Amino acid sequence: MSNILNYMIFVMLSILFVVVIFMIFGWRWMIKRIVKKFGTIVFTDSYQENIIELMPGLRHMGIQNLLENSLRAESGDLLHRPLGSSKKWPHLDPITFIPAQVSPFPVASEVEVDMNVTIGPKAKKPMNIKIPLMISGMAYGIALSEEVRLSMAEAANNVGTAINSGEGGVLPEELNAAGKYILQFSKTEWSKEEELIKRADMIEIKFGQGALVGMGGKISPKNLTGRAREIMGLQENEDAVIFEHFFENQTLKDIKGLVAELRDLTGGVPIGVKMGAGGKIEEDIDHLIEIGVDYIAIDGAQAATLGAPPILSDDTGISTLHAIVRAVRHLEKRKVKGQISLIVSGGLLVPGHFLKVLALGADAVYVGSAMLFTVAHSQTMAALPFEPPTQVVWNQGKFKDQFKIEDGVKSGEKFLTASTEEMKMALRAMGKRSLKELSKKDLVSHDQLTAKMVGIPFSFEPWEDKSKGN
């Protein structure tokens with residue numbers, strides 16, 4: 001037996017030796033043979049049979065369009081794309097800040113910069129937060145896992161800001177972990193308990209969002225499992241339904257009554273509305289002024305969600321940049337800017353984005369996708385490279401059970417802290433000691449059309465104050 005084993009080892013070693021010798025001395029010959037064969041096929045096959053047909057085909061259709069059409073052809077169902085639009089919308093990149101250098105001078109690094117924000121200043125109980133960044137509504141159960149929600153709530157509390165519940169269920173532990181809590185009052189049958197409403201620091205009536213506008217949907221029991229069903233009060237085989245309206249035959253009068261009822265129930269916390277930014281944004285704002293809101297949250301078309309039909313994400317609504325400029329102008333025109341707070345979201349991913357929309361007139365920023373990926377941080381390695389990183393954070397994700405809450409808290413807190421410190425540095429560079437000193441006068445643009453539309457100087461021309469008269 002030992003002789004046979006020795007012989008087998010000898011044969012294997014011999015084969016390995018031959019392979020190594022071939023790799024050392026014969027690899028050039030092998031590559032030349034492969035290239036020659038491939039080249040013959042590519043240079044001689046007719047176009048209809050040629051693999052290079054893919055090149056103009058993919059340039060014509062685009063890889064994403066090709067793949068999404070294949071998914072439509074496979075399922076025959078409404079397509080739900082995660083994480084929002086893939087279009088390149090007009091955005092904030094052509095806009096830059098004006099630094100202070102030769103009078104006014106920059107502010108020294110050791111000087112503290114005031115970043116405090118008040119939402120709903122005219123409300124009986126305004127909400128005060130220490131930084132202008134709040135965590136956007138990302139629903140428990142419908143989207144995020146329990147572990148991720150708890151991580152974000154504690155991180156928000158640690159830095160002195162607020163977290164939005166989203167339109168999912170509300171975990172009791174999340175309420176206890178969060179400092180300032182924004183309850184999203186959605187077109188659902190859950191999260192409407194009076195006790196829950198009374199615990200909120202702000203109420204947000206959800207009309208719509210950037211990626212999905214005002215549409216609802218149904219989530220089947222197989223796509224919504226675990227404790228979330230119990231929290232949302234769903235029966236074993238019951239769909240979770242998000243409606244398109246709050247009331248049957250809904251009118252603005254109904255919504256005005258709802259605002260008044262919520263204000264009374266809460267004792268006067270800010271009552272606001274979230275909506276996707278649309279082409280009739282001024283008309284929408286007029287209606288919101290009429291119903292008596294304390295704040296308006298506008299979600300630009302770049303905003304993300306767990307899943308939305310591409311036609312709503314890509315071909316509905318307007319960009320965040322266009323939305324904030326128009327919203328601020330209209331609030332000023334109606335003489336309610338500073339009385340009704342403005343919160344902006346949608347495609348805002350880095351500190352530069354956050355500070356630019358604040359300079360353009362937003363009072364605070366909702367951070368969504370950026371927060372989601374940073375709270376997961378290195379924990380996404382559990383899913384990579386064979387699954388998307390979001391499989392760590394979704395409630396139905398394959399790796400959600402591997403998410404560690406304490407690591408999520410640290411990552412989320414560090415991201416919010418680092419982003420705020422970066423914004424403070426930019427404010428010091430502009431000679432400012434408070435976020436309240438920031439305005440559109442601190443901006444220029446290297447794109448002439450953007451400069452004209454926003455009402456700021458074009459950086460190729462001598463500076464002049466173009467904000468007058470806007």
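These legends describe close-up views of a predicted model.

**View 1. Helices α8 and α9 pack at an angle of about 50 degrees.** Helix α8 spans residues 252-266 and helix α9 spans residues 281-291. Their axes lie 9 Å apart. The two helices are therefore oblique to each other. Their crossing is right-handed. On α8, the contact is made by Leu252, Ile255, Lys256 and Val259. On α9, His287, Glu290 and Ile291 take part. The contact residues divide into four nonpolar, one polar and two charged.

**View 2. Lys206 forms a salt bridge with Glu167.** The closest N and O atoms are 3.1 Å apart. Lys206 lies in strand β7 (residues 202-206), and Glu167 in the loop between β5 and α5, so the pair ties together parts that are 39 residues apart in sequence. Lys206 is buried, at 7% relative accessibility. Glu167 is buried too, with a relative accessible area of 12%.

**View 3. Arg227 and Glu173 meet in a salt bridge.** The N to O distance is 2.9 Å. Arg227 sits in helix α7 (residues 227-231) and Glu173 in helix α5, 54 residues apart. Arg227 is partly exposed at 31%. Glu173 is partly exposed at 32%.

**View 4. A salt bridge joins Lys198 and Glu194 within helix α6.** The closest N and O atoms are 2.9 Å apart. The residues are four apart, about one turn of the helix. Lys198 is partly exposed, at 47% relative accessibility. Glu194 is partly exposed, with a relative accessible area of 44%.

**View 5. Glu68, Arg81 and Asp314 form one network.** Salt bridges that share partners join these residues. The count for the model comes to 17 salt bridges.

Terms used:
Residues numbered from 1 in each chain as written. Predicted model: local features only at pLDDT ≥ 70, side-chain atom pairs only at ≥ 80, totals over all residues. Heavy atoms only, no water. Axes fitted to C-alpha atoms, helices over the stretch in contact; angles between N-to-C directions. Parallel < 35°, antiparallel > 145°, perpendicular 65-115°, else oblique. Left-handed = near helix turned anticlockwise from the far one by under 90°. Contact = heavy atoms within 4.5 Å. Nonpolar A, V, L, I, M, F, W, Y, C, P; charged D, E, K, R; others polar. Salt bridge = Lys/Arg side-chain N within 4 Å of Asp/Glu carboxyl O. Buried < 20%, exposed > 50% of the residue type's maximum accessible area, 1.4 Å probe, protein only.
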